[in-house]
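Here's a quick briefing on the model below. Have the viewer open as you read, and we'll go through it topic by topic.

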Amino acid sequence: MDLRGKKITIHDMSLRDGMHSVRHQFTLDQMTAMSTAMDQAGVPMIEVTHGDGLGGSSLNYGYGLHTNEEWLDAVVPNMKQAKISALLLPGIGIVKDLERAVEHGISTVRVATHCTEADCSAQHIKAAVEMKLDTVGFLMMAHMVDEKKLVEEARKMVSYGATTIYATDSAGYLLPDMVGSRIAALKAEFGDEIELGFHGHNNLSMGVANSLSAIEAGATRIDASLAGFGAGSGNTATEVLVAVCNRMGIETGIDLDKIVDAAEDIALPIMGKPTRISRDSLTLGYAGVYSSFLLFARRAEAKYGIDARTLLVELGRRGMIGGQEDMIDDCAMEMAKAKGLI
Amino acid sequence: MKINCALIGSGNIGTDLMYKLKRSDILNPLWMVGIDPESDGLIRAQKDGMKTTSDGVDGLLPFIKEDGIKIAFDATSAYVHGENNRKLAELGVKVIDLTPAAIGPFCVPSVNMEQLLKDDVQNVNMVTCGGQATIPMVAAISSVQEVEYAEIIATAASKSAGPGTRANIDEFTETTKLGIEKIGGAKKGKAIIILNPAEPPLMMRDTVHCQTTETPDQDAIIKSVNDMVKEVQKFVPGYTLKNGPVFDGNKISIWLEVEGLGDYLPKYAGNLDIITAAATNIAEQMAHSIKAGV
């Protein structure tokens with residue numbers, strides 16, 4: 001694979017997807033410390049939102065320790081060069097939430113829908129374009145559709161005004177050739193008019209490999225996070241991706257020593273225990289289940305006595321998608337009743 | 001003598017409603033109004049002998065008087081409902097709004113229908129499908145004790161959500177939230193909607209979380225919830241309590257499933273039934289009032 005001379009923009013997820021690892025409990029000091037270190041290392045884009053995006057703070061997904069506005073205020077004023085983004089899932093967050101985030105300094109929004117439901121994003125993408133934001137269409141669980149369908153949905157988001165489209169591997173299920181074919185199909189459709197991105201989860205240890213495959217096929221925005229902080233087995237580790245890019249001659253604009261130190265000295269202590277590929281998070285990737293379900297399944301296991309792995313596989317079999325965390329307890333109770341446990 | 005009605009909007013909701021109204025012994029669905037002559041709903045209405053127009057509400061207005069239309073159902077979108085309602089109100093038509101526009105007072109039949117009939121309002125809003133499914137549960141709990149916060153998650157099959165619903169996602173969440181507060185009685189509300197594309201399509205599911213101010217009176221809440229489920233089942237037989245109430249501190253969680261009658265879309269689309277059956281319910285009561293008044 002010869003990727004010499006390619007330029008990519010790494011978009012860091014530690015302060016958004018990483019929220020899932022800590023049940024959305026980042027303190028303001030932690031936000032400031034991680035973002036400042038990344039800014040100094042040259043990370044060009046950083047996402048700052050509750051794990052489930054604007055409006056995500058809830059009984060269903062977990063309350064944030066702070067509001068999105070408080071988190072943004074702990075980050076935005078300290079940035080020397082990094083641009084800040086927010087995530088918005090239509091059905092959870094609304095345009096009013098986006099307007100508030102803009103007042104607090106975001107310049108990019110990523111409007112995320114399940115990979116078959118792009119037409120739920122029209123209101124939000126159009127509003128973002130009107131607010132002159134860098135507007136990204138973020139197609140989640142991209143493993144659940146083929147290339148043709150993914151392109152069809154991406155076309156809708158582009159028609160509303162999105163200028164970047166992501167293939168998002170929310171379940172960490174995709175393998176490198178599957179990522180490559182998806183990005184290539186998008187590239188064939190949009191050429192250089194639309195920027196393409198890839199968001200990976202490391203559930204099958206494919207984070208870096210999948211990112212390279214995406215870059216080879218034409219993606220120029222790649223999501224990653226410090227020490228792999230994120231849902232499930234975490235995202236692609238930013239510092240590892242930067243190291244690999246350096247070796248391969250891909251330009252990221254990020255200082256390797258500084259980003260490695262940020263991961264090791266700042267992010268890791270905050271994480272408590274390192275993100276790793278566990279029995280349960282591997283199952284997410286293997287069965288194609290939304291990575292944020294992990295901690296919910298573990299809690300249901302403790303509560304109802306149903307093995308988290310069995311529960312995750314069953315949720316996958318039932319076709320549960322991102323945002324359906326409420327169905328985890330429901331499914332566990334049903335299984336527990338069938339076994340006579342409750 | 002039945003009361004003549006018009007259906008505005010020939011999408012999923014309007015078409016399902018058409019079949020429900022045809023069974024009514026007091027309502028006569030006479031007109032179906034659409035904007036696309038090729039729409040499945042308009043074609044079905046025509047086949048069934050209804051009068052139709054594909055010119056929107058303006059195509060109906062000249063016939064309101066001569067056809068004696070007293071009640072209209074608007075299942076278009078929040079964006080056009082205001083204008084539709086203004087035109088119909090001028091002609092003395094009562095309007096049942098199935099969009100999330102929420103111009104008129106909210107109507108959740110098992111909770112507040114009697115009051116609305118007493119007030120003889122011109123326009124009622126049916127909140128949203130998620131609201132119809134969950135607000136009765138919030139009301140059941142808040143009738144026992146104060147609910148500080150209520151949050152609902154409504155999940156519908158992708159195939160059951162037409163373009164109107166999809167274009168109105170924000171209105172859906174905001175209108176449902178307001179309904180949870182105003183009719184459900186929670187001090188603060190939140191609504192989340194998910195569209196799931198699984199094949200075969202999944203049954204509509206609704207989850208309700210309530211946070212009470214004081215320690216929950218478990219026995220009273222369980223009784224109130226079960227009684228309310230029976231109330232809703234009177235017009236939506238497939239409304240079932242799947243799990244709960246589960247008590248966790250001051251948090252009470254309820255998991256519901258809504259199976260439809262399969263009038264238009266198959267039975268998984270309980271999200272259609274829960275709102276069209278509620279709309280039929282209030283319209284029938286209005287029709288009785290109109291007849292009594294004549």
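Chain A has a radius of gyration of 19 Å, and that agrees with the value near 20 Å that a compact globule of 342 residues would have. Bear in mind that this is a predicted model. Chain A holds a closed barrel of eight strands, while chain B has an open sheet of five strands, and the two chains touch each other.

**Chain A overall**

- Along its principal axes, the C-alpha trace of chain A spans about 60 × 45 × 40 Å.
- If you like counting elements, chain A comes with 14 helices and eight strands.
- Burial is worth a look too: 59% of the 342 residues of chain A count as buried.

**The barrel in chain A**

- The closed barrel runs 1-2-3-4-5-6-7-8, and its pairing is parallel.
- Ignoring direction, neighbouring strands here are turned by 25° against each other on average.
- As background, strands of a sheet pair through backbone hydrogen bonds, and they can do so either parallel or antiparallel.

- Strand 5 of chain A (residues 134-140) is mostly covered, with six of its seven residues buried.
- On one flank, strand 5 of chain A pairs with strand 4 of chain A (residues 108-114) in the parallel sense, over seven bridges. To find that pairing in your viewer, pick Ala112(A), whose bridge partner in strand 5 is Phe138(A).
- Strand 5 of chain A is also joined to strand 6 of chain A (residues 164-168), this time by four bridges, and these strands run parallel. Here Leu139(A) stands opposite Ala167(A) of strand 6.
- Strand 6 of chain A goes on to pair with strand 7 of chain A (residues 195-199), in the parallel sense over five bridges. Thr164(A) has Glu195(A) in strand 7 as its bridge partner.
- What lies between the strands in the β-α-β units? Helix 5 of chain A (residues 122-130) makes a right-handed unit with strand 4 and strand 5 of chain A. Helix 6 of chain A (residues 147-160) makes a right-handed β-α-β unit with strand 5 and strand 6 of chain A.

**The open sheet in chain B**

- Going across the sheet, the strand order is 8-7-9-11-10 and the pairing is mixed.
- Strand 8 (186-196) and strand 10 (239-248) of chain B are the edge strands, each pairing on one side only.
- On average, neighbouring strands of this sheet are turned by 15° against each other, direction ignored.
- Strand 7 of chain B is largely enclosed by the rest of the structure, because 10 of its 11 residues are buried.
- Strand 7 of chain B (residues 147-157) runs parallel to strand 8 of chain B, and 10 bridges join them. Two pairs to click on are Ala157(B) opposite Asn196(B) and Ala150(B) with its bridge partner Gly189(B).
- With strand 9 of chain B (residues 204-212), strand 7 of chain B runs antiparallel, joined by eight bridges. Val147(B) has Thr212(B) in strand 9 as its bridge partner.

**Helices on the chain B sheet**

- Helix 8 of chain B (residues 169-182) lies across strand 7 and strand 8 of chain B, running at about 145° to strand 8.
- Helix 9 of chain B (residues 218-233) packs on the sheet too, touching strand 10 and strand 11 (251-258) of chain B, and its direction makes about 165° with that of strand 10.

**Where the chains meet**

- How many residues does each chain bring to the contact? Chain B gives 26 residues and chain A gives 23 residues.
- On the chain B side, at least two residues each come from strand 7, helix 7 (163-167), helix 8, strand 8, strand 9, strand 10 and strand 11.
- Strand 8 of chain B supplies the largest share of that side, with six residues.
- Sorted by class, the side of chain B that touches chain A has 11 nonpolar, seven polar and eight charged residues.

Terms used: Residues are numbered from 1 along each chain as its sequence is written. Chains are lettered from A and ligands numbered from 1 in the order in which they are written. This is a predicted model: local features need pLDDT of at least 70, side-chain atom pairs count only at pLDDT 80 or more; totals for chains, interfaces and linings use all residues. The radius of gyration is taken over C-alpha atoms; the globule rule is 2.2 Å times the number of residues to the power 0.38. A residue is buried if 20 or more other C-beta atoms lie within 10 Å of its own, exposed if 12 or fewer, and partly exposed in between; C-beta atoms are placed from the backbone. Two strands pair if DSSP finds at least two bridges between them. Axes are lines fitted to C-alpha atoms, for helices over the stretch in contact, and angles run from 0 to 180 degrees between N-to-C directions. Two residues are in contact if their C-beta atoms, placed from the backbone, lie within 7 Å. A crossover is right-handed if, with the strands pointing away from the viewer, the path from the first strand over the helix to the second runs clockwise. Ala, Val, Leu, Ile, Met, Phe, Trp, Tyr, Cys and Pro count as nonpolar, Asp, Glu, Lys and Arg as charged, and the others, Gly among them, as polar.
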